[in-house]
Amino acid sequence: MLGSLLGDTIREQAGQLVFDQVEHIRSLAKQARNSGDWQPLLSVMGDLSDDELIPIARAFGAFLNYANIAEQHHRVRRRRDYQRKPDIAAQIGSLDELLPRLIAQGIDPDAIAQCLANMRIELVLTAHPTEVTRRTLRHKYSDIAAILADLDHTDLTPDERTGQLARLKRRIIAAWHSDEIRHTRPTPVDEAKWGFTTIERTIWDALPAFMRELDSALYAHTGQHLPLSSAPIRFASWMGGDRDGNPNVTAEVTERVLLLARWEAAELFWQDVNALRADLSMKPCSAELRDAVGEHPEPYRQLLRQVRQRLANTRDWAEACLAGDSPTEDYPKPIYRNDEELLAPLQMLHRSLLECGMREIADGSLLDCLRRVACFGLTLQKLDIRQEADRHTDTINAITEHLKLGSYADWDETKKQQFLLAELQNPRPLIADDLPADEEVQEVLSTFRLLARQPECALGAYIISMATEPSDVLAVRLLQKACGSRTPQRIVPLFETLNDLRGAADAIQALLNVAWYRQDINGHQEVMIGYSDSAKDAGFITAAWALYQAQEQLTEICRQHAVELTLFHGRGGSVSRGGGPAHAALLSLPPGSINGSVRVTEQGEVIDFKFGLPGIARRNLELYAAATLEATLSPPAPPQPAWREMMTQLSEQAVQAYHGIVRGNQHFVPYFQQATPAEELGRLALGSRPAKRRADGGIESLRAIPWVFAWTQMRLMLPAWLGTGEALANALNNGQTAQLQEMTGQWTFFRMLMDMQEMVLAKADHSIAAYYEARLVDDEQLQQLGMTLRDQLSQASTAIETITGHALLADIPVLRRSIDVRNPYVDPLHITQVEVMRRLRQHSEQPRPLLEYALQVAITGIAAGLRNTG
C-alpha cells in the first residue's frame, strides 16, 4: 500500500516522465536479479543526466524507508497477535514464555521476583553517525506508522478509512517535498536534543506501559508485584558528554546539555502532574495527606498544584540558566534539586489512595508517574562523560611541573601511584590559582569543575578510553577531588583494542589490589568493553573471543575481591561492531558475567529501529529484561575445553589472515579508498565527531563507524567476515566439521557468532562489490586484490552454509524475504552512487552540486535499505 501511494505521489508531484523512468528502472532491476544480466539496467542508468539521477535515487530511497515502516508496523501487529492468543504459544523472548520456563526448571518464584525488583539495566543512547534520517522526516515516518495502526482497526467506517488514507497520502507527499539531507553537521547539543526527542516521542509512554506488562506477568506467575521504587531499566546518554576525539564537546556544551535535560524532564513531569490533577478529584484522604494540605475540599489536587508549581519553577530556573543567567543556590522560588523531593509527595498520594480503598486509582496514571520518576528522574537520563587517558595525564603533568615535583608523564607506574594516593589523602588544595595551563589542560579542569557542581542524579559513569594502568583511574579520582566533587562519578576504564582486552584482567587486578581504591568504590566496579575498535583492530571472531575471555576473567577477579561487577558493552549497530539481536547477545555472554546488572550502548540508527514506535519500544524493553533475568538465574553452561581450543585456533588463524590483508597488503589502503565511498562519506553531515581521531592518520586512526559504513555501502561487508571465513574454512578442511556443528548447536556464544555471520553474509553481494570495483578502480594490482577479497567472501559463505547445513538464511525465511524484496530497490541506488562517484572523481576540481546531492541521497537510501549499516 505504501509503495502504491508513493508511486501515485511521484507521478503527481514529479511528473509522468519521472514515474515512467522509476518504473522502468525498477522492472530492469528485478529482471537483473532474476536473470543475472545487469547490462540493460546499467545502460539505462548510465545514460541519466546529473539532474535525472536525483529523483530516481530519491524514489528508491523513499520506498526503502517505507518498507522499514511497514516491517516495523508488522512486528507490532505480530506481538499484539501473540498477546491476544496466550493459550496458543507465548512469543519467544517474552516474559510469558520465560517465567513459566524458569519455574519449571526449579527456580524459586521468590528469586525471580527479587531479581526483577533489583535488576538494573541501563541503556546508553549515543549519537554515533549512523542515524542518517533527518528529525523532520522521522516525525513524518512516525505519523505514517500511527496511521497504519489506525487503519488496522476493524470497526472503521468507509468515511473513516478514506480519511485515514487521505492523511497517509498527505504525509507521503509532504515527505517527498522535504529535504532528506542534512546540509550542516549537527552540533553535540543538536545530538542531545535528538536523544531527548526519542524519549519524549515514544520511550516516555513505552516505559510505564512495559512496567505494567512486567508487573502483570510477574504477578500471574509468582503472585508478587514489583515495588514502587523498582526501575529495572533506565536510560543514560553520551550525547554532549563524549569528548573522546571530539573537540566540539566542551565543558560549556556539557553544561548546556545537562540544563536542557533538566528543562525537558521538568516539562514532561509538569504535563504528567497537570493530567493527574484532572484525575484525582476525590475527597477522601489519609490523615497524612490532610496534615500536608489542610482542610482543602480537594486534597489530592491541592498537593498536586504545589508539585506542579515547583516543577514550573524548576523549568523556569533551567531556562534562566540556559539564557545566561546563573540563579543557582539563591534562586528565589523553590525548585526540585533531586528525585526524592519529587517522589515524596507522589508517594504520599499513592499511600493515601491505598488507605482509602482506591487501589485501582492509585495504580493508574499516578503509578505511571511514579515509575517515570524512578526511571528518568529530574534529569531524564544520566549523562556519561568519556575522555582519553592521555588528557588526564597531561593535566596531572601540568600540576606536578608547576609544583616543581617533576614530570608526572615521565614517571613509572609505581611512582605515579604513590603520588596519586598520597594526594588523594592530602587535605590541602592541589591546583594553584596561578597554574599555567594550555587550552587542553584548561578544558579538562573546566570539565571536572562543572561536574563537581552537578547533583549526583545528573551524572552516570566517567569513562576513560585507552586506560591500561591503575594510575589512569586514580588520576581521574584525584582530579575529581581537586576540583571539588563531593559525590564523584564512578570511574569506568574502557578496554577496546585487542591488546587492551587481553590485558584487561591484569589491569583490573592491579587496580583492585590498591587498598585505598578498593575501599573507595564501596564494593562495586564497572568496566566497559569496546566491540567496535577491537573488531577493526583484529577482525570479527578474534575480537569476539577476546571479549568473551576478558569478561570471564574480569568476572572471576571481581568475585575473588568480593566486588560486584557491572559490564558495560559498547556495541554498535553492525555485526562487526557487536550489533545484532540484544536478547540473543545477552544470553551468549559468559555465565556469571550478568548478575542482574548490565549496561549497553544503543547507537545511531539502532535507536530509532528499537524505540521509534511505541509497540517496538515495549517489545525491546521486554527482550532486555527477559534476557537479563534468564542470564542471571539460568546462565548457560561454561564452554567445554575442546570448544575453547577450537576458538583459540580460529582466533589465531583469523587475526593472522585479517592482518595479512589489512596491514600486510600494500594495495589494501588504496583499494579501500578507491572502491568504497570512504572519502565521499565525509561529505555527509552525519555527526559532530570527526571521522578520524587524527586528521593526518590512516586506516588505524579511522573510526570504526565510517570504516564499517564504507564497506557496507558497496556490499562487501568486509569487517564482519575477513579472516573469520578463512579460519572456518581451514577447520572444515581439517575434518573439524562435526565439532563446529556441535559448538553451534550447544554453545550459545558460538551460535550467536554463526548467526551473525550468516546474516551479514546474506546482505553481502558479490556482484555489487565487483561493479564498484569495475567502475572505480583502474589499477590492475588493486583489481587483483578485489578478486581475492570476493573469493574470500565466497569462501566465508560456503563455510557458514557447511556448518549450518543449509543455504544462507534458509531457516529464517522472513529475513531472507526482507533482503530479497529490498535488493531490486537498493541496486539502483548502488548504481547511482557508483556513477556519481565516478563523475565526481573525474572532475574533482569542479563543484558539482547536483552530483553532491545525488551522492548523499544514494548513501542515505542504501543505509535505509540495509538497516544495521554502521
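At what angle do helix α23 and helix α27 pack, and how far apart are their axes?

Analyst: A quick word on the ground rules. This is a predicted model, where local features need pLDDT of at least 70, side-chain atom pairs count only at pLDDT 80 or more, and totals for chains, interfaces and linings use all residues. Residues are numbered from 1 along each chain as its sequence is written, and side-chain values use heavy atoms, with hydrogens and water left out.

Now the pair you asked about. Helix α23 covers residues 540-560 and helix α27 covers residues 641-662; they pack at an angle of about 135°, and their axes are 8 Å apart. Helices here are DSSP runs (H or I, at least four residues), strands are E runs of at least two, and both are numbered from the N terminus. The axes are lines fitted to C-alpha atoms, for helices over the stretch in contact, and the angles run from 0 to 180 degrees between N-to-C directions. So α23 and α27 are oblique to each other. For that label, angles under 35 degrees count as roughly parallel, over 145 as roughly antiparallel, 65 to 115 as roughly perpendicular, and the rest as oblique.

As for handedness, α23 passes α27 in a left-handed crossing. That means the near helix is turned anticlockwise from the far one by less than a right angle; clockwise would be right-handed.

Who touches whom? On the α23 side you've got Ile541, Thr542, Trp545 and Glu552, and they meet Arg644, Met647, Thr648, Leu650, Ser651, Ala654 and Val655 of α27. Contact here means heavy atoms within 4.5 Å. By class, the residues of this contact split into six nonpolar, three polar and two charged. Nonpolar covers Ala, Val, Leu, Ile, Met, Phe, Trp, Tyr, Cys and Pro, charged covers Asp, Glu, Lys and Arg, and the others, Gly among them, are polar.

Have a look at the loop between α23 and β7 (564-570) too, where you'll find Ala562. Ala562 isn't a glycine, yet it has a positive phi of about 55°. Ala562 counts as exposed, at 67% relative accessibility. The cut-offs are under 20% relative accessible area for buried, over 50% for exposed, and partly exposed in between (1.4 Å probe, protein chains only).

Leu380 is another non-glycine with a positive phi, about 70°, but Leu380 is buried, with a relative accessible area of 0%.
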